[in-house]
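Q: I'm new to reading protein structures. Could you take one part and walk me through it closely?

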Amino acid sequence: MGKYFGTDGIRGVANQEPLTPELAFTLGRAAAYLFTQGQAKASVVLGRDTRLSGGMLAAALSAGLCSAGVDVLDVGVMPTPAVAYLTRALCGVAGVVISASHNPFADNGIKFFGPDGFKLSDRVEEELERFLEGEPVPKRPLGEGIGQICTVGEGEDRYLDFVCRSLSPSLTLQGMRIVVDCANGAAFRLIPRLLQRLGAEVFPYHISPDGMNINARCGALFPEILREKVLQH
């Protein structure tokens, strides 16, 4: 592990060292430079979870990417595997998700994918850290060379279609009653939609994220709530 990158990207309390908007901006510039060497124009796919700080970090990261000439394809609130898939599907030179999994809402993280949708190698993360340590990013285009931020509205539907295509055609959840604890997180829309599409009667809970209630007495760390609802339904 490096100074900034751990086993799952850069994690910490949002807006506190090291996970500041300044770091996100520099990281965006560094990523744009490293991932586009030799390419005239490229794009990076960006997604996030429902944390309050997600918009702040996404804005800083996007500004860094655009300032180094890379377009940002913003897919909005999306689970990490969906961002990995969309990185490939949308032909991004990289993907990045802003999320801290089941951690408290004040935490956040930045995790990159390569163009294949897989995590970066240690070598690439070490190269990114050089720039975070102060090495200047030489790429600063002007005029039409500056990147732009594009909102991708169909990302969730594309990922749902991909998941369903990946399953056996004979798979059906018809007649099943399924309780889902969405933890007010990134999959709060997607998981109920998927299960309903497969035929289940779905009872979703914790599907009203407000930026601060992600994992708040719900989700993976509180299985007793899910147990109670299963018995209820």
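A: Happy to! Let's look at how helix 1 (residues 21-35) packs with helix 4 (residues 122-132): the angle is about 130°, and the axes lie 9 Å apart. Helices here are DSSP runs of H or I with at least four residues, strands are runs of E with at least two, and both are numbered from the N terminus. Axes are lines fitted to C-alpha atoms, for helices over the stretch in contact, and angles run from 0 to 180 degrees between N-to-C directions.

That angle makes helix 1 oblique to helix 4; under 35 degrees counts as roughly parallel, over 145 as roughly antiparallel, 65 to 115 as roughly perpendicular, and the rest as oblique.

This is a predicted model, where local features need pLDDT of at least 70 and side-chain atom pairs count only at pLDDT 80 or more, while totals for chains, interfaces and linings use all residues. Residues are numbered from 1 along each chain as its sequence is written, and side-chain values use heavy atoms, leaving out hydrogens and water.

Now for the residues that touch (contact means heavy atoms within 4.5 Å). From helix 1 come Leu23, Thr26, Leu27, Ala30, Ala31, Tyr33, Leu34 and Phe35, which meet Val124, Glu127, Leu128, Phe131 and Leu132 of helix 4. Sorted by class, this contact has 11 nonpolar residues, one polar and one charged. Ala, Val, Leu, Ile, Met, Phe, Trp, Tyr, Cys and Pro count as nonpolar, Asp, Glu, Lys and Arg as charged, and the others, Gly among them, as polar.

Elsewhere, six strands form an open sheet with mixed pairing, in the order 1-5-4-2-3-6. Its edge strands, each pairing on one side only, are strand 1 (10-13) and strand 6 (149-151). Two strands pair if DSSP finds at least two bridges between them. From one strand to the next, the twist averages 20°.
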